[in-house]
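Visitor: Please give me a close look at a single part of this structure, and describe its geometry, its surroundings and what follows.

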Amino acid sequence: MSVAFFEHWDGIEISKDQSELLGKIHLRKIDMSDEIFVIDVDGYIGDSTRKEIEYAEKTGKAIRYYSNVEIPSTMFSP
């Protein structure tokens, strides 16, 4: 499952209700997952992502970070 929305990067204003709904959706996605993959470009982790990481930790999910990932060369082999 991918991220749902990057409203702050696209300059889109959302209401408090919409923000809360998106937060609940992210937590349900964590519930359905075996692990989460944190996209932490240049080491940046925002407040909502930090809360999702804490939730994943509490629910025993594995957590991987973009900044720590090595892409295997076999991934691009035909």
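Guide: Helices here are DSSP runs of H or I with at least four residues, strands are E runs of at least two, and both are numbered from the N terminus. The model is predicted: local features need pLDDT of at least 70, side-chain atom pairs count only at pLDDT 80 or more, and totals for chains, interfaces and linings use all residues. Residues are numbered from 1 along each chain as its sequence is written, and side-chain values use heavy atoms, with hydrogens and water left out.

The chain has three helices and two strands, in the order α-α-β-α-β.

Glu-52, Ile-53 and Ala-56 are the buried residues of helix 3 (buried is under 20% relative accessible area, exposed over 50%, partly exposed in between, with a 1.4 Å probe and protein chains only). They lie on the same side of helix 3, because they cover an arc of only 105° around the axis, taken from the directions from the axis to the C-beta atoms. These buried residues pack against helix 2 (16–32), strand 1 and strand 2 (62–65), where contact means heavy atoms within 4.5 Å. On the face turned away from the buried side, helix 3 carries the exposed residues Asp-47, Lys-51, Glu-57 and Lys-58.

After helix 3 comes Gly-60, with a positive phi near 75°.
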